[in-house]
Amino acid sequence: MSKNQNLDIERKQDHIEINLPKNVEFTLKSELAILTIGLQRPPKSRNCYGAWLYAGFVNEKPDTIKTFAVRDVAPDIPLLANIGAVQLNYGVTPKECQYLVDVVKADALILHLNVLQELTQPEGNRNWENLHLRVINYLSVPVIVKEEGYGLSKQVAKKLIGAGVKVLDIAGSGGTSWSQVEAYRATNSLQNLIASSFINWGIPTLDSLKMVREVSKDIPIIASGGLKSGIDGAKAIRMGANIFGLAGQLLKAAHTSESLVSEEIQLIIEQLKITMTRYAPAHVL
């Protein structure tokens with residue numbers, strides 16, 4: 001295994017170990033958490049929320065990539081492969097992306113945009129110049145682009161849709177602040193100060209959702225960033241999202257037990273069902 005692959009694995013282990021005990025959320029409260037709306041069932045075209053699984057990093061440890069192959073235990077739900085978009089500027093080829101998709105039998109490939117996180121990492125990949133998404137036309141599955149806690153702007157959404165991206169995960173500010181995580185990882189005071197400067201940076205999830213929906217009424221949108229419950233998910237769907245995502249609670253539950261993860265998921269599902277009911281007038285409080 002190369003030095004870079006070891007570094008990637010150590011860095012992601014750091015991210016997990018920091019997220020578990022520390023408060024790494026934005027200090028500004030998510031607008032979705034305080035939003036009160038008159039709830040109505042959304043149009044059928046947007047009523048496609050459900051479960052998704054993520055798998056894989058093609059550039060980390062090739063000899064263990066098959067451990068991400070979980071299709072046998074998740075035969076019926078969408079399964080998404082995932083790499084950092086910047087890796088396309090560091091030698092990851094469309095052929096390797098297709099290999100990842102094939103190994104995990106993924107339904108789509110996520111390219112995640114974590115620009116600010118990379119820029120606040122001492123070892124971050126900083127070459128985002130002329131990032132070419134030619135992989136979109138090479139793959140046998142659709143490409144999803146996902147922000148990483150800083151939101152998608154209207155301009156970026158237009159470019160991505162124009163390039164052929166099929167789904168956008170807006171991942172706005174309000175949840176985990178990855179610059180806060182990198183501040184904890186800093187090895188000196190200057191690195192800490194730089195990362196800490198951007199703790200509340202980004203487009204809030206609700207604002208990003210509105211921006212992207214203005215660009216396209218049809219593009220499927222995944223709303224994430226600061227969502228804590230099925231109630232928040234219902235709000236996001238009501239405001240124009242097709243699907244919602246959250247991770248922090250599940251990471252902490254997974255650190256305790258599998259049964260707690262199942263309980264947390266069931267709680268989210270029941271909250272969503274109750275909130276989305278069509279049989280009684282309601283306000284989301």
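**Close-up 1. The largest nonpolar core.** In this predicted model, the largest nonpolar core holds 45 residues. Seven of its members have the most contacts inside it: Leu88, Cys97, Leu109, Leu111, Val145, Leu168 and Val212. Helix α3, residues 94–104, gives the largest share of this core, five residues. A second core is separate and has seven residues. Leu80, Ala108, Ile144 and Val167 are among them.

**Close-up 2. Valine 212 and its contacts.** Valine 212 is one of the residues with the most contacts inside the largest nonpolar core. Which residues does valine 212 contact, leaving aside neighbours within four places in sequence? They are Leu152, Ala157, Leu168, Ile170, Ile219 and Ile221. Of these, Leu168 is also listed among the core residues with the most contacts. Ala157 belongs to α6 and takes part in the contact of that helix with α9. Val212 sits on the α9 side of that contact.

**Close-up 3. Helix α6 against helix α9.** Two packed helices are described by the angle between their axes and the distance between the axes. Helix α6 covers residues 154–163, and helix α9 covers residues 205–215. Their axes come within 9 Å and cross at roughly 45°. An angle under 35 degrees would count as roughly parallel, and one of 65 to 115 as roughly perpendicular. The α6 axis is therefore oblique to that of α9. The crossing is right-handed. From α6, Lys154, Ala157, Lys158 and Ile161 make the contact. From α9 come Met211, Val212, Glu214 and Val215. By class, this contact has five nonpolar and three charged residues, with no polar ones.

**Close-up 4. Helix α10 against helix α12.** Helix α10 spans residues 230–238, and helix α12 spans residues 258–275. Their axes are 7 Å apart, and the helices pack at an angle of about 45°. So α10 and α12 are oblique to each other. Their crossing is right-handed. On the α10 side, the contact is made by Gly230, Ile231, Gly233, Ala234 and Ile237. On the α12 side, it is made by Ile268, Gln271, Leu272 and Thr275. What classes of residue make up the contact of α10 with α12? Five are nonpolar, four are polar and none is charged.

**Close-up 5. Arginine 11 in helix α1.** Arginine 11 belongs to helix α1, residues 3–19. Is arginine 11 buried or exposed? Its relative accessible area is 4%, so it is buried; the cut-off for buried is under 20%. Not counting residues up to four places away in sequence, arginine 11 touches Glu118, Gln121, Glu123, Gly124, Asn125 and Arg185. Glycine 124 lies 113 residues away along the chain, yet its C-alpha atom is separated from that of arginine 11 by 10.0 Å.

**Close-up 6. Glutamine 121 in a loop.** Where is glutamine 121 found? It is in the loop between α4 (115–119) and α5 (135–138). Glutamine 121 is buried, because its relative accessible area is 2%. Leaving aside neighbours within four places in sequence, glutamine 121 is in contact with Arg11, His15, Arg126, Glu182 and Arg185.

**Close-up 7. Aspartate 169 in strand β5.** Strand β5 runs over residues 167–169 and includes aspartate 169. With a relative accessible area of 2%, aspartate 169 is buried. Alanine 223 is 54 residues away along the chain. The C-alpha atoms of aspartate 169 and alanine 223 are separated by 6.0 Å.

Definitions and conventions. Residues numbered from 1 in each chain as written. Predicted model: local features only at pLDDT ≥ 70, side-chain atom pairs only at ≥ 80, totals over all residues. Heavy atoms only, no water. Axes fitted to C-alpha atoms, helices over the stretch in contact; angles between N-to-C directions. Helix = DSSP H or I, 4+ residues; strand = E, 2+ residues; numbered from the N terminus. Parallel < 35°, antiparallel > 145°, perpendicular 65-115°, else oblique. Left-handed = near helix turned anticlockwise from the far one by under 90°. Contact = heavy atoms within 4.5 Å. Nonpolar A, V, L, I, M, F, W, Y, C, P; charged D, E, K, R; others polar. Buried < 20%, exposed > 50% of the residue type's maximum accessible area, 1.4 Å probe, protein only. Core = buried A, V, L, I, M, F, W, Y, C linked by side-chain atoms within 4.5 Å.
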